[in-house]
Amino acid sequence: MSTKIVAHFIAGFPDAAGSMEVARGLAEGGASYLEMQIPFSDPSADGPAIENSCRQALEKNFTVDQALEQLKNLNEELKIPIFLMSYGNIVFTRGMEDFVVHSKKVGAAGLIIPDLVLGRDEGLYALGKKYDMPILPVITPSISKERLGDILALKQEWIYTALRSGITGSATTLDESNLSLLDQLKTSDSKVMAGFGIRTAQQVKTLAPRCDAVVAGSVFVNAVTQALQKGSSLKDAALSTMEMLLQ
């Protein structure tokens, strides 16, 4: 089985042109999918690295419309699926239906909105079904059997498994508590992506047989930040980090 990685990056970080270069590097380095995050001022699921990159993008007045246009352009250029990640506040501000429709129009492979959970999603799942836009439920190892059953009953195309609770960026230990959840999901009707704190090739090798794609994010943001400090190529930083994870 070939290893597939969902590579997370922040639209507009360090600026519009720079995030395009990062995306190109991730794709060239071997990412099977991209996860584009729309920068937000209070990213509740994200740690300091992603929070800081979001802040930098917003300080340059990078907008939701620019992010959607960037997704459209990258879709046409890279020809790999791109998931769109955001938070409920952005979706509400734009209008739920308009956000889903526009995301569909620019070619998003699916929407990851971690704070709009099933049952408190303000109609997001219904709109996803109406417009044939996959909505990715986000689950953690602490999920109850009943809750997991409700989510699996949706038969969504993808399930996003966060391998621990908390925020991104910190190292994640792979053990029975999270790997057993992935084993449970093998018999589901959904494909599974799994991540949160993935930063080494060994972690990727451990996860790859247990899911359909491994998610990595902060490791790329940190690499881009270091490249900025050194004045080196953002594309090369993303590419080399991607290759490291696939070793």
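The legends below describe close-up views of a predicted model.

Local features are reported at pLDDT of at least 70 and side-chain atom pairs at pLDDT 80 or more, whereas totals for chains, interfaces and linings use all residues. Residues are numbered from 1 along each chain as its sequence is written, and side-chain values use heavy atoms, without hydrogens and water.

View 1. Eight strands form an open sheet in the order β4-β3-β2-β1-β8-β7-β6-β5, with parallel pairing. Strands are DSSP runs of E with at least two residues, and helices are runs of H or I with at least four, numbered from the N terminus. Two strands pair if DSSP finds at least two bridges between them. The edge strands, β4 and β5 (138-139), each pair on one side only. Strand β5 is joined to β6 (residues 158-162) by 2 bridges in the parallel sense, and Val138 has Tyr160 in β6 as its bridge partner.

**View 2. Strand β8 and its two neighbours.** Strand β8 (residues 213-216) is covered on both faces, with Ala213 and Val215 buried on one side and Val214 and Ala216 buried on the other. Buried means under 20% relative accessible area, exposed over 50%, and partly exposed in between (1.4 Å probe, protein chains only). Strand β1 (residues 5-10) pairs with β8 in the parallel sense over 3 bridges, and Ala7 stands opposite Ala216. Strand β7 (residues 191-195) also pairs with β8 in the parallel sense over 3 bridges; here Ala194 has Val214 as its bridge partner.

**View 3. The buried side of helix α5.** In helix α5 (residues 96-105), the buried residues are Met96, Phe99, Val100 and Ser103. They lie on the same side of α5 because they cover an arc of only 95 degrees around the axis, taken from the directions from the helix axis to the C-beta atoms. An α-helix has 3.6 residues a turn, so residues three or four places apart point the same way. The cover over the buried residues of α5 includes α3 (64-78), β3 (82-85), α4 (88-94), β4 (110-112) and α6 (124-130), where contact means heavy atoms within 4.5 Å. Just after α5, Gly107 has a positive phi of about 95 degrees.

**View 4. Helix α1 against helix α3.** Helix α1 (residues 16-29) packs on α3 at an angle of about 35 degrees, with the axes 11 Å apart. Axes are lines fitted to C-alpha atoms, for helices over the stretch in contact, and angles run from 0 to 180 degrees between N-to-C directions. Residues of α1, including Met20 and Arg24, meet residues of α3, including Leu74 and Glu77.
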